[in-house]
Amino acid sequence: MNTLQKYISNQFLLTFFMTLIVLSFVMSVGLIFKAVGLISRGASIEIVLRFIWGGFPFTLSYSIPISLLVCSLLVFGRLSSDSEIMAMRACGVSLFDIMRMPLLISLLLSIFCLYLNNNVSPESSYSRKTNRRAIGVNEVAAMIEPGKTIKSEDFGNGISIFVKERNGKYLTDVRIVEPLDSSSGAYRELSARSAEMTTEENNSILRIDLFNVVINTFSASGTKEITSVTAASLPFHMTIGGGEIKQNKPPSRRPKDKPSWQLAADLQVDKLFPTNDPHKKKNLTRSKVEIYNRIGLAFSCFCFVLIGIPLGIKQHRRESSVGLALSLAVAGGFYLFAILGESLAKHQNQFSHIVVIIPLFICIGLGTYLIKKGN
C-alpha cells in the first residue's frame, strides 16, 4: 500500500468510526430510554443488559451502511473542495485507484454485515422475545405500591391488587380481585394478612404466597354468593401478558428470529413436501423475503460507497445540490424497497423477494455510470 492509499484509508476509516458512533447512538436513543425505564421500574441490570443487546445488532445493520454513505460524502467532498482530487488526477492517478481502498473496506464491512444479519441479529431478536416475560414480571412487581390499587393489562384477565404496606418482596394486608367468568361478571376477592412475592419458571411467572387468607365470591352486582372460605396459606400465580406459559417450552420463532440457514432449510422442506396451510405458506413467503432482505442490507455498504464517492466529489461543484438530494434518495429508496417487499410478502406475492434486491442492481449501475463519467 503506497502513501496515497494509506492517506485515503486513514481519512476514510477515522470519519467512518466517528460517524458510526454518532449514528448508532442516535438510532439507539429509544432503546436507551426504554432501558432506563426498565431500571426505574425495578428490572434487574442483567435483564436490562440483555434487552439492550437484543436491539443493538439490529441498529448496527442500518447504522453501518448509512455511516459509509455519509463518510463517503464527507471525505471525498473535502478532498474535492481542497483540490486534492484534482492534484491526484493531474499526477495520473485514476478515479478507480483513488477509491480502491474505500471500496475494499466497504466490501469487508458487507461481509461482516452479512454475518451480522444472518446469524447475530436473528438470535438477538429471539433473545429479546424470550426476555419480555421476565421484564414483564419485574415491571408488574415494581408497580405494586403500598396504599394504591393497581390495575394493569400486564396482569391478564383484569386482576387488581391492593397492598397496604410493602417491604421488598414482603407484603401486608393484601387484597386481590380476580374475575371468574367474563360472561356473568362474577369475581372473587382474596384478602390476606401477609404475603411474599417470588418468581417461577425462569422469571416468567409472578407468584404471590398469601398467608391467613379469606376468600369471598361475588356476583356481577357485588352480592356475596357463598360463605367465606379461609386458608392458612394459598399460592397465587400471575402469568404476565395473558396466555399460558409452560415450563421447558420456548416461544416459537418468527421468520425474523431464525438464522438464514434455518430459513433456507424451511424453504427446501417446502419444495419436497409442499404445504396447503395458509399460515405456513405466508411464513415461507416472508422467510424468502427475509433472506433476500438480509443480503441486500449487507451489500448496501458496498453500494453506498460506490455511489457516495462520485457524489461526494461533485458536491462542492455546480451539481452539489443534485448530488446531496440524490444521495438521500438512494438511501431512502433503498429502504423503501425493503419495506415494499415485506408488505408484498404479507399478501403472499411471489415476486416480493425480488423487490428487496432491486436497489442493489440500481445502485451498482448508477455508481458505475457516475465513476465512468468522473473519469
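## Salt bridges and a helix pair

Arg 294 is buried, at a relative accessible area of 4%. The model described here is predicted. Arg 294 pairs with Glu 290 in a salt bridge. Both residues sit in helix H8, 4 residues apart, or about one turn of the helix. Glu 290 counts as buried too, because its relative accessibility is 17%, under the 20% cut-off.

Glu 290 and Arg 294 also take part in a helix contact. Helix H7 (residues 260-272) and helix H8 (residues 278-314) have axes that come within 10 Å and cross at roughly 140°. H7 is therefore oblique to H8. Their crossing is left-handed. On the H7 side, the contact uses Ser 260, Leu 263, Ala 264, Asp 266, Leu 267 and Asp 270. These meet Leu 284, Ser 287, Lys 288, Glu 290, Ile 291 and Arg 294 in H8. The contact residues divide into 5 nonpolar, 2 polar and 5 charged.

The whole structure holds 9 salt bridges.

| Salt bridge | Closest N to O |
|---|---|
| Arg 175 and Glu 189 | 3.8 Å |
| Arg 188 and Glu 178 | 3.0 Å |

Arg 188 is in strand S4 and Glu 178 in strand S3, so their bridge ties together parts 10 residues apart in sequence. Arg 188 is partly exposed, at 23% relative accessibility. Arg 175 bonds in a salt bridge with Glu 189. Arg 175 is partly exposed as well, with a relative accessible area of 34%.

Elsewhere, a network of salt bridges links Arg 78, Asp 82 and Glu 84.

Definitions and conventions
Residues are numbered from 1 along each chain as its sequence is written. This is a predicted model: local features need pLDDT of at least 70, side-chain atom pairs count only at pLDDT 80 or more; totals for chains, interfaces and linings use all residues. Side-chain values use heavy atoms; hydrogens and water are left out. Axes are lines fitted to C-alpha atoms, for helices over the stretch in contact, and angles run from 0 to 180 degrees between N-to-C directions. Helices (H or I, at least four residues) and strands (E, at least two) are DSSP runs, numbered from the N terminus. Angles under 35 degrees count as roughly parallel, over 145 as roughly antiparallel, 65 to 115 as roughly perpendicular and the rest as oblique. A crossing is left-handed if the near helix is turned anticlockwise from the far one by less than a right angle, and right-handed if clockwise. Contact means heavy atoms within 4.5 Å. Ala, Val, Leu, Ile, Met, Phe, Trp, Tyr, Cys and Pro count as nonpolar, Asp, Glu, Lys and Arg as charged, and the others, Gly among them, as polar. A salt bridge is a side-chain nitrogen of Lys or Arg within 4 Å of a carboxyl oxygen of Asp or Glu. Buried means under 20% relative accessible area, exposed over 50%, partly exposed in between (1.4 Å probe, protein chains only).
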